[in-house]
Amino acid sequence: KPASLVKKETRDADLATKKAGAEKKLKVVRAARRKEIVKRTAKYYKEYAAADLEGVRVNREAKTNGNYYVPAEAKLAFVIRLRGVNNIQPKPRKIMKLMRLRQINNGVFVKLNKASKEMIRIAEPFITYGYPNLKTVRELIYKRGFGKINGQRVAITDNSVIESALGKYGIVCIEDLIHEIYTVGPHFKQANNFLWHFKLSCAKGGLRKINNHFVEGGDFGNRERFI
């Protein structure tokens, strides 16, 4: 055999060995990570169930004592844009732009505080919002969720997409992301900013009356748990 061919074969064999070793290591790391993710998910589910049971217990206790149980104010809202670009004053237009609601049927999660409540109040005739439950948050992220990587809309097909963007905040899988959004955790801002605004389909059966508030049989305004 020519010396060059022998050299090439030796080099190829070395590369194949290195590649096999790297793949083996990666497999072990992935298996460990999967185990960790399953453990975290189980912990979150336990936490959600405990919170539900606590709510039921406190409610029953209040009823037994002849009192009323008033749940804590919502910390999370889901806001949807209802109106197009015509006949919108500059202030609500700017607020909707800040909230990333640039088109009809765009939706975003918003952390409720004094400032965001005031912004929602100003833009209220052009949006509808409510307080999503765990099922709604989970389904939105699983079914309609896209990530933002380098300003690009990227489908969340794998946990590695989330880990590459939010790993430094301890958010490494989709259940971590759901937990951070639903509980409005310490890294809610980064998690919510990673999520691309939701592009929703039109309301089933159409809207009722876009110029009336939800409580008057219309569409805009606060729907609370009916979102």
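Student: How do the residues lining the second largest pocket divide into nonpolar, polar and charged?

Tutor: They divide into 9 nonpolar, 5 polar and 6 charged. Ala, Val, Leu, Ile, Met, Phe, Trp, Tyr, Cys and Pro count as nonpolar, Asp, Glu, Lys and Arg as charged, and the others, Gly among them, as polar. This is a predicted model: local features need pLDDT of at least 70, side-chain atom pairs count only at pLDDT 80 or more, and totals for chains, interfaces and linings use all residues. Numbering runs from 1 along each chain as its sequence is written, and side-chain values use heavy atoms, without hydrogens and water.

Student: What counts as a pocket?

Tutor: On a 1 Å grid over the protein atoms alone, a pocket is an open set of points where a 1.4 Å probe fits, with protein on both sides within 12 Å along at least five of seven lines. Lining residues have an atom within 4 Å of a point.

Student: What volume does the second largest pocket have?

Tutor: About 670 Å³. That is the space filled by probe spheres set on the points, which are joined across faces, edges and corners. Of its 20 lining residues, F78, I80, L200, S201 and I227 are closest to the centre.

Student: Which element gives the largest share of that lining?

Tutor: α4, with 5 residues. Helices (H or I, at least four residues) and strands (E, at least two) are DSSP runs, numbered from the N terminus.

Student: Now the largest pocket. Which residues lie nearest its centre?

Tutor: P71, A72, A74, P132 and Y182, out of 30 lining residues. The volume is about 1200 Å³. α1 gives the most to this lining, 8 residues.
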